[in-house]
Amino acid sequence: MDGLQVSTAVVDDARSVVSLSGELDMATADLLWAELEPVLQPGRTVVLDCAQLEFMDSTGMRVLLRASRRADEVGGAFQMTAVPPPVERVLDLAGVTSEIPRG
Amino acid sequence: MAEPVQQQTAASSSGETTGGSPGPSSGAVRVSVPADKTYVALVRSAASHLGARLGLTIAELTDLRLAVDEACGVLLLPGEFETTGAELHCRFDEYPDRLVVHVSAEADESAPDVDGFGWSVLSALVDELRWSYQDGWARVELVKRATAAGR
């Protein structure tokens, strides 16, 4: 069980990139939220780099939706980039593909 | 609201879901793990291995792995079955053209959230899906078929 690795890079005052590696599931979703919540700030764009994300389930997806809502509430932005097919599949089946912009 | 599920009136002991089909290729594979979210990755791995044996395509394997994960979630996540047991029991029956997966645990009388993301994703991933609650046991059963292209 490899779990999930999360690394956050602050690019500049307006942009952070959060890179995921491994599996975002019901066991690791809380870890991601703990990393995302502090960087979802007014005027800041948070880009979630999913290139190394191998798996996501509906619990993991809910964290992404929560992050997107939080960004909207505080006047920031939340985007996903390099979304692999298995991750895209979950968003598609849940009918939420359009709710999270792509960076 | 749509009623995509039926409550079984009798517990299935054989895993048969379609009459007249060939029986399982071999004995059932059983995987029991602690009823804890941490161990679901292990169940996913088992499902991937068995799906590959069945000759599923990459896309079908992706769906099987997700489906088995979501089925475990129905027994482990809040707002779903209220599992009380310490163990999650998974049984995989291998047929020539499909894999039948049962996930079960001891639970208080309760039901899955069939309007939630988990169940709706799950139902889109598999060929057959049902849940039951009987005699203190909550159970989710799913069937994943292999397309000819994968075999």
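Among contacts in chain B between residues at least 6 apart in sequence, what percentage join residues at least 24 apart?

1. The figure for chain B is 69%, counted among contacts between residues at least 6 apart in sequence. It should be kept in mind throughout that this is a predicted model. For chain A, residues 24 or more positions apart account for 72% of the contacts with a separation of 6 or more.

2. Chain B contains three helices and six strands. Their order along the sequence is β-α-α-β-β-β-α-β-β. Of the 151 residues in chain B, 39% are buried.

3. Chain A has three helices and four strands. Read from the N terminus, its elements follow the pattern β-β-α-β-α-β-α. Buried residues amount to 37% of the 103 residues in this chain.

4. As to overall dimensions, the C-alpha trace of chain A spans about 35 × 30 × 20 Å along its principal axes. The radius of gyration of chain A is 12 Å, which agrees with the value near 13 Å that a compact globule of 103 residues would have.

5. In general, the strands of a sheet pair through backbone hydrogen bonds, in either a parallel or an antiparallel sense. In which sense do strand 3 (residues 45-56) and strand 4 of chain A pair, parallel or antiparallel? These two strands of chain A pair in the parallel sense, over five bridges. Within strand 4 of chain A, A:A77 is the residue that stands opposite A:T45.

6. The remaining point concerns the interface. Here 16 residues of chain A are in contact with 18 residues of chain B. On the side of chain A that touches chain B, the elements giving two or more residues are helix 2 (58-74) and helix 3 (85-93) of chain A. By class, this side of chain A comprises nine nonpolar, two polar and five charged residues.

Technical notes
Residues are numbered from 1 along each chain as its sequence is written. Chains are lettered from A and ligands numbered from 1 in the order in which they are written. This is a predicted model: local features need pLDDT of at least 70, side-chain atom pairs count only at pLDDT 80 or more; totals for chains, interfaces and linings use all residues. Two residues are in contact if their C-beta atoms, placed from the backbone, lie within 7 Å. Ala, Val, Leu, Ile, Met, Phe, Trp, Tyr, Cys and Pro count as nonpolar, Asp, Glu, Lys and Arg as charged, and the others, Gly among them, as polar. Two strands pair if DSSP finds at least two bridges between them. The radius of gyration is taken over C-alpha atoms; the globule rule is 2.2 Å times the number of residues to the power 0.38. A residue is buried if 20 or more other C-beta atoms lie within 10 Å of its own, exposed if 12 or fewer, and partly exposed in between; C-beta atoms are placed from the backbone.
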